[in-house]
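Here's a quick tour for anyone meeting this structure for the first time. Have a look at it before reading on.

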Amino acid sequence: MQTVTEGDRRKEIRTLLNLIQRHPERDWSAARRRIATLNQLVGNARKKQLH
């Protein structure tokens, strides 16, 4: 099993945002929830680094 890094999460966010931008006609509800979760994880990791 590989460890998921902050960089991996940021890359996934970019990928999902690119897909949403290229195909706005699709229902991206699940992707948007995933983006919100990833943003929260990245934000929490940043907070831990600052302390």
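This is a predicted model: local features need pLDDT of at least 70, side-chain atom pairs count only at pLDDT 80 or more; totals for chains, interfaces and linings use all residues.

## Ground rules

Helices here are DSSP runs (H or I, at least four residues), numbered from the N terminus. The expected span of a helix is 1.5 Å times one less than its number of residues.

Residues are numbered from 1 along each chain as its sequence is written, and side-chain values use heavy atoms, with hydrogens and water left out.

## Helix H2

H2 runs over residues 29-50. With 22 residues, H2 reaches 32 Å from its first C-alpha to its last, close to the 32 Å expected at 1.5 Å a residue.

Which residues of H2 are buried? They are Ala-31, Ile-35, Leu-38 and Val-42 (buried means under 20% relative accessible area, exposed over 50%, with a 1.4 Å probe and protein chains only).

## Helix H1

H1 covers residues 6-22, so to speak a run of 17 residues. From first C-alpha to last, H1 reaches 24 Å, close to the 24 Å expected at 1.5 Å a residue.

Glu-6, Ile-13, Leu-16 and Ile-20 are the buried residues of H1. They take up an arc of only 90 degrees around the axis, which puts them on the same side of H1. Over on the other side of H1, Lys-11 and Arg-22 are exposed.

## How the two meet

The buried residues of H2 pack against H1, and what covers the buried residues of H1 includes H2. The axes of H1 and H2 come within 10 Å and cross at roughly 150 degrees. That makes H1 roughly antiparallel to H2 (angles over 145 degrees count as roughly antiparallel). Axes are lines fitted to C-alpha atoms, for helices over the stretch in contact, with angles from 0 to 180 degrees between N-to-C directions.

## A closer look at Glu-6

Glu-6 sits in H1 and is buried, with a relative accessible area of 17%. Glu-6 touches Val-42, Ala-45, Arg-46 and Gln-49, leaving aside residues up to four places away in sequence; contact means heavy atoms within 4.5 Å.

Conventions. Helices (H or I, at least four residues) and strands (E, at least two) are DSSP runs, numbered from the N terminus. The arc is that of the directions from the helix axis to the C-beta atoms. Angles under 35 degrees count as roughly parallel, over 145 as roughly antiparallel, 65 to 115 as roughly perpendicular and the rest as oblique.
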